[in-house]
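This report describes a structure for a reader who has not seen it before. The sequence and the model come first, and the description follows.

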Amino acid sequence: MLIKGRVWKFGDNIDTDIIIPAKYLAMTDPKSLGEHCMEPIAPSFHEKVMAGDIIVSGSNFGCGSSREHAPIAISALGIPLVIAKSFARIFYRNAFNKGLALLEADIIDNIDEGEEIGIDLSSGVIRWRDMEVTAKPIPPFMVELINKGGLINYLKKQLEE
Amino acid sequence: MGMTITEKILASHAGKEFVEPGEIIDAQIDLALANDITAPLSLEEFEKVGAKDVFDPEKVVLVMDHFTPNKDILSAENCKKIREFAAEHKITHFYEGGNCGIEHALLPEQGLVVAGDLVIGADSHTCTYGAMGAFATGVGSTDLTYGMIKGHIWFKVPESIRFHCYGKWSKWVTGKDLILHIIGMIGVDGALYAAMEFDGEAISALSMDSRFTIANMAIEAGGKNGIFRVDEKTMLYMKTHSKKPYRVFESDPDARYRQVFEIDASKIELNVACPSLPSNVKNVRELGDVDIDQVIIGSCTNGRISDLEAAAQVLEGNKVSGHTRCIIIPATPKIYRQAMREGYFDIFLDAGCIISPPTCGPCLGGHMGVLAKGERAVATTNRNFIGRMGHPESEVYLAGPAVAAASAIKGRIAHPEEI
């Protein structure tokens, strides 16, 4: 699957309190959560970002709490993918469970905000300007889970049988 | 080849003789936990998949602790939905109102977790229960839904990092200072995906409360779980609190570790994590004049009875500074009552503190002590991220209860020996 989008850059250790502050966690509606995504450090992010845009970040993206509101808020803005040097482990599982794609690649220092970037999700190849980087492969077990339609669809099928 | 305590617990729950780091296993769970923030998303998924029942109504725990007493209409409605779900599915362990405490202090106290258990919780600080020699880790609401329905879930077996601590602790120093020291040393992703195993004579010397504090903050170093050896203190704790059968697992002498750290406890001093990462750790004496508007003593990290005791020791006969608010949050109703009986409430009230009902409240900027723009707090909580306790331009310094109490009196970050 090929995707193309504009880049929004964030740094290292983007925690879940930045992605979606806890004061909004009584809400579960994706649209409302999206309106507060990245609010503490980029209050107008939700207005400027466009569907199809991509987040590029440093290390340990999604550290902190287990709140699934975080990948939900990002997806609600139409962001299909986050590329980061590394991800916190609970966020990593949550994102896949919620259908937000993640790729591990160290590209943040070689890319500018607003640049157009192309990604082949199946091969993990990321292209921009004349650059090409291959992301760390998604663990085979996760690929299998994605191919089954994600954890919830997999569970649903089991319950129907 | 030997196994670590973490590997042994995972292997036993996956019906295997042996597991190794990196292996994907499907393991039985002994307990599945969610709270008033994470359960609503979980119940949405529960409905979506068309599930009829949870795998075992006695092994699902729902604790309405984050926004209790409910901060607004939305949080009240969330609790109402969860309450109805708990009634419909005959969930034995539903905690709300007068029996509600902060989940990670409440569950061990209620005897719901014992050594050898495998616990998942839709809350990142679920790793707290590792203090009891259990494997416990935080998951999202979707994984929790799966576990809650099926009674098992997939795990990647983590590598282990060993923290071997020797030597004698200095006065006032607690588990909080050790874990802040470790996070300062290895960073907020220093234990990413790893099990953090704590042992040695200095660890045996620590109280259960200090061990809960340490295990609680394993996630702040990116850890999957924190875990301790079961010793006579763990056994006594379980005997006092639980009737559940337990299993004692121990790391083999030839178990494999990704890294081993040797830590001299006598060199650990009172530490403070400065804004805005738990790894930004400094010795309290290194900090100059840092004025403080608010102090929070509580949370799943440091809201237990020995934390309140340490705070009372420092606050006794003193007054909270005129420009500082000091909020004390006993973590559970039982701790609340015990603190009252020990006379700590009189000390706190005489000093001018506010005593809050058990709640996560201000720790995550929810309610009951939120910070204004430019305000600064010392908190015994676990995270000092940007905007964690309120306005994005407020600041949180993390510390143990003695430093927090001393800071409340001085109105600036202070060492308890200054009092």
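## Backbone at B:Lys90

B:Lys90 sits in the loop that runs between α3 and β4 (93-95) of chain B. Helices here are DSSP runs of H or I with at least four residues, strands are runs of E with at least two, and both are numbered from the N terminus. The phi angle of B:Lys90 is near 50°, which is positive although the residue is not glycine. B:Lys90 counts as exposed because it has 12 C-beta neighbours inside 10 Å.

## Basis of the model

This is a predicted model, in which local features need pLDDT of at least 70 and side-chain atom pairs count only at pLDDT 80 or more, while totals for chains, interfaces and linings use all residues. Residues are numbered from 1 along each chain as its sequence is written, and chains are lettered from A and ligands numbered from 1 in the order in which they are written.

Most residues other than glycine have a negative phi, and most peptide bonds are trans. A:Asn13 is a residue other than glycine with a positive phi, near 50°. A:Asn13 is placed in the loop between β1 (2-9) and α1 (16-19) of chain A. With 24 C-beta neighbours inside 10 Å, A:Asn13 counts as buried.

Chain B has a cis peptide bond from B:Thr68 to B:Pro69, with omega near -15°. The loop between β3 (60-63) and α3 of chain B holds B:Pro69. Another cis peptide bond links B:Pro275 to B:Ser276, with omega about -5°. B:Ser276 belongs to the loop between β12 (271-273) and β13 (281-283) of chain B.

## Chain A as a whole

Chain A contains 7 helices and 7 strands. Read from the N terminus, their order is β-α-α-α-β-α-β-α-β-β-β-β-α-α. The C-alpha trace spans about 50 × 35 × 25 Å along the principal axes of chain A.

The radius of gyration of chain A is 15 Å, which agrees with the value near 15 Å for a compact globule of 161 residues. That radius is taken over C-alpha atoms, and the globule rule is 2.2 Å times the number of residues to the power 0.38. Of the 161 residues in chain A, 45% are buried. Of the contacts in chain A between residues at least 6 apart in sequence, 68% join residues at least 24 apart. Two residues are in contact if their C-beta atoms, placed from the backbone, lie within 7 Å.

## Where the chains meet

The contact between the chains involves 35 residues from chain A and 43 residues from chain B. On the side of chain B that touches chain A, the elements giving two or more residues are α2 (39-48), α3 (73-88) and α5 (141-150).

## A helix pair in chain B

In chain B, helix α11 (residues 305-315) packs against helix α13 (residues 344-351) at an angle of about 50°, with the axes 9 Å apart. Axes are lines fitted to C-alpha atoms, for helices over the stretch in contact, and angles run from 0 to 180 degrees between N-to-C directions. B:Leu308, B:Glu309, B:Ala312 and B:Leu315 of α11(B) meet B:Tyr344, B:Ile347, B:Phe348 and B:Ala351 of α13(B).

Definitions and conventions. Buried ≥ 20, exposed ≤ 12 C-beta atoms within 10 Å, placed from the backbone.
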